[in-house]
Each structure stands twice: as structure tokens, then as C-alpha cells.
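Let's walk through this one in questions and answers. Have the coordinates open as you read.

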Amino acid sequence: MSRLLIPALMTTALLLGEDFAEAQQKKANYDESQIAPYTLPDLLQTATGKHVSTAEDWTQLRRPEILALFEQHVYGKTPAPSTWGKVDFKVTEVKKDALGGKATRKFIHISLPEHPAWKGMEVMLYTPNGLGKPAPCFVGPSFGGNHAVSTEKDVPLSTRWMRPNKEKNIIDNKATEESRGNESSRWPLEMIIAQGCAVATYYYGDIEPDHADGWKEGLRAALSKDGAATEWKDGDWGAIGAWSWGLQRIADYLETDSDVNAKQLAVIGHSRLGKTSLWTGAQDQRFGVVISNNSGEGGAAIMRRNFGETTAVITKAFPHWFTKTYTSYSNNEASCPIDKHMLIALAAPRAIYIASAVEDEWADPKGEFLSGLNAEPVFALFGKKGYGVREQPAIDTPVGDTIAYHVRTGKHDVTSYDWEQYLKFVKRHFEK
Ligand code: GCU
């Protein structure tokens with residue numbers, strides 16, 4: 001093969017994931033009557049056949065089993081802390097008059113001194129000024145980088161690999177000056193700060209590039225046994241696990257920052273990063289609120305429902321998001337020992353919000369609703385209430401208590417309507 005051809009072919013391979021998924025959107029099933037009957041795995045029966053009827057048995061017996069099933073079959077196992085060793089947190093900038101004086105903005109560089117091959121991550125933290133107490137904090141990754149979340153011109157441009165996107169002014173896999181603020185509608189910083197909440201975010205590509213070969217050149221490569229990432233076995237963590245690791249290290253930092261109430265952390269994410277938010281909330285109980293925004297297949301949507309995206313499509317388009325084993329459930333969902341009601345249940349007894357958008361059929365809004373509904377028995381063991389309804393509510397009509405849900409008008413996105421609900425939800429739960 002001519003050497004000149006190789007880069008061109010590589011680019012095509014990198015684009016295959018998104019393009020393949022997009023093409024499948026037109027072919028998917030969106031007809032409720034075409035969904036074959038299915039049975040969800042029993043949430044409350046342990047591997048040895050014991051029926052779980054107390055919060056204690058859930059916590060001691062069933063929860064660890066389910067967490068291990070998600071590691072083994074879906075997201076892979078996050079390596080133990082001894083694998084990554086010391087974590088360095090360096091506050092590189094504090095700007096006390098950010099957002100016209102309403103907030104303090106900090107940048108924190110998180111790195112692993114024992115694994116310098118990983119370039120580390122840049123966290124951007126906004127805390128409200130004049131609150132008089134540490135603020136509850138939303139923690140979530142971004143698709144476009146800190147400079148895309150904020151419209152403040154002095155936020156450094158990310159220099160990391162980005163998926164090509166002309167509309168977002170990502171040229172030659174790099175952000176440009178024109179990409180500033182291109183994700184700001186999804187992060188209404190002024191509104192969040194005005195409500196007395198903080199926001200901590202990082203670019204998910206700081207962990208590794210989001211393409212099928214990304215695991216060979218980011219955090220997962222740096223932490224792999226041989227440091228060369230030559231092997232990716234069943235049970236090894238996928239990209240979602242690695243992005244989630246980043247969120248958990250942000251929580252480590254926030255525990256040391258007196259502007260934030262680290263007992264009031266809400267993890268949030270949209271789409272693939274909503275899947276990441278759910279997996280983070282499942283693994284790390286420091287997050288008292290878990291928010292899934294349009295997380296869909298591989299996130300909140302029931303995998304046994306053949307509606308919108310399927311296991312076969314997601315594992316073909318984005319195999320690197322999951323552990324290898326997950327691919328074996330393509331067109332074979334019934335044999336998978338988990339379904340997504342179990343992922344929602346892993347948040348119990350903490351609060352969880354699942355949000356859909358009515359035009360986002362690809363993510364299966366009803367399947368997202370049903371996972372929360374079917375998780376209710378676990379929350380009930382703790383005396384916590386779920387939706388309070390059995391049927392998916394009308395558009396723009398949020399429901400629920402400790403498990404909440406809405407399906408809003410519009411398409412796959414994060415809007416100020418979504419944030420209004422999350423802010424109310426977070427306050428309600430943390431002020432209890
Ligand atoms: C694709 C993919 C979804 C994912 C989404 C996103 O549409 O099929 O599973 O949630 O990308 O992350 O934007």
C-alpha cells in the first residue's frame with residue numbers, strides 16, 4: 001500500500017463510527033408494536049437465589065454483584081488506585097472576577113506523575129461569589145473543551161485531538177478561535193451561578209481521543225501493564241470508564257476546595273457523556289445526584305427494547321466505549337445478565353434524574369423512562385419514592401421524587417429547560 005494512502009484511510013476509519021451510527025438512524029425501528037416481548041433480569045434476586053428485601057441486603061449483597069456485572073459485561077473494570085498511583089492537582093489560575101464579577105474561575109491541572117505519557121486534564125471550575133458558604137457543584141465532561149463551554153475569551157483553547165466538525169470550526173482535528181463558546185448553550189453558566197451552584201468541567205478528549213484507536217494513546221495506554229497498550233481484553237475498561245475516571249478525579253480535587261461543598265456533588269452528562277454520568281454515579285457514591293441527559297442506548301435506555309439505537313449498532317459504531325464483551329450482546333440482548341434499570345438502581349438511595357427529548361427517538365425516550373420505573377423497588381427499600389406515575393408523562397411535565405424524569409419538546413440536546421429542572425432537583429435534594 002502506498003504510504004500516501006495510509007493517512008487518508010485512517011481518517012475514514014476514524015469517521016466510520018459517527019457516520020455508521022448516523023446512517024443507521026434512518027433504518028432503525030421506531031414502531032412500538034414491533035418490539036418483541038422481553039423479560040428484565042430480576043433486580044432483587046442474588047446470584048445464589050436469595051430474594052433481597054432489605055436496604056442492608058441490597059447494599060451488602062446485591063449492589064456489589066450488579067456493579068461487578070456492569071464491569072464484566074458493559075463498561076469494563078476501572079483499574080485500582082495502585083495502578084495510577086499519585087495524583088497531582090495543580091491550581092494554575094484563579095480569576096476572582098469571572099462572569100462579570102459574579103463568579104470565581106479556577107483552572108486545575110490534574111496529572112499522574114508516575115505516568116507522564118498521559119498529558120493530564122484541565123479542569124475549569126466556576127464557583128458563585130458572595131454565597132457565604134461552599135456551593136453545591138455540577139460535575140460533567142464537555143464535548144468541545146473548556147473554551148467551548150465558556151464564552152470568556154481568556155479561557156485557553158484546548159490543543160487536544162477533536163473530532164472534525166466544520167460547523168463547530170474544528171479544523172484538522174484541532175479547535176480554532178472560532179470554536180469558542182460553541183457548547184455554551186449547553187452550559188448556561190450565568191444561570192447556574194445565579195442559583196448559587198458551581199460547575200466543574202473538563203474536555204473528555206483530555207482522557208484520550210474519542211475514536212476506535214484512542215485507547216492506544218491516552219490514559220488507558222499510559223496505565224496499561226506494558227505502557228504500550230498492545231492488548232485490550234474482555235473486562236478491560238472502555239472509553240466511558242476512562243472518561244468516568246476523570247470525573248472521579250475531579251471529585252477528589254473538589255474535596256480539597258473550600259469554595260465547593262463536596263458533600264453536594266451532582267454528576268451530569270449528555271448523550272455518550274450521559275452514559276458516562278450514569279456509570280460514574282454507579283461507581284462513586286460521593287455524587288449525591290446523578291443526571292442522565294438523553295443518554296440513550298448504552299446509558300439509561302432499556303437494551304432489550306429494539307427501538308432506535310440497538311446494541312448491535314452501538315457496539316459496531318463505537319466498540320471502544322465499552323468493554324469488549326459487550327459486543328457479544330449484539331442481537332442477543334436476552335442473554336445479557338443486566339439491563340439498564342439495574343444501572344439506575346445503582347444510584348440508590350441517592351437522587352437520579354433521567355431526561356429525554358421527544359424528537360430524540362434514536363435514544364428511545366420510553367426506554368429511558370422505563371429504566372427508572374423498573375428501578376423503583378430498590379429505592380423503595382430505602383423508603384425513597386420514584387416517579388409517582390406508571391406511564392411516561394406528557395411532554396414538558398417533569399415527574400418524580402428521588403427518581404425523576406422528563407421528556408421535553410425538541411431534539412437531542414441540553415437546553416435551559418433541562419437545566420431549570422436539574423437546578424430545582426439538585427436544590428430539593430441537597431437542601432433536604
Ligand atoms: C451517537 C450514538 C449515541 C450517542 C451519541 C452522542 O448518536 O449513536 O449512542 O449517545 O452519538 O454521544 O452524541
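Q: Which residues does Thr-397 touch, not counting residues up to four places away in sequence?
A: Touching here means contact, that is, heavy atoms within 4.5 Å. This is a predicted model: local features need pLDDT of at least 70, side-chain atom pairs count only at pLDDT 80 or more, and totals for chains, interfaces and linings use all residues. Residues are numbered from 1 along each chain as its sequence is written, and side-chain values use heavy atoms, with hydrogens and water left out. With residues up to four places away set aside, Thr-397 touches Tyr-405 and Tyr-417.

Q: Is Thr-397 buried, partly exposed or exposed?
A: Thr-397 sits in the loop between α11 (365-381) and β11. The classes use relative accessible area with a 1.4 Å probe and protein chains only: buried is under 20%, exposed is over 50%, and partly exposed is in between. Thr-397 has 34% relative accessibility, so the residue counts as partly exposed.

Q: Which backbone oxygens does the side chain of Thr-397 reach?
A: The polar contacts here are N or O pairs within 3.5 Å; within protein, one atom must be able to donate a hydrogen and the other to accept it, and residues adjacent in sequence count only if both atoms are side-chain atoms. One such oxygen, at 3.2 Å, belongs to Ala-394. The other, at 3.1 Å, belongs to Ile-395.

Q: How much of the ligand's accessible area does the protein cover?
A: Residues around the ligand (a heavy atom within 4 Å) include Ser-271, Phe-318 and Trp-362. On its own the ligand has 320 Å² of accessible area (Shrake-Rupley, 1.4 Å probe), and the protein covers 87%.

Technical notes:
Helices (H or I, at least four residues) and strands (E, at least two) are DSSP runs, numbered from the N terminus.
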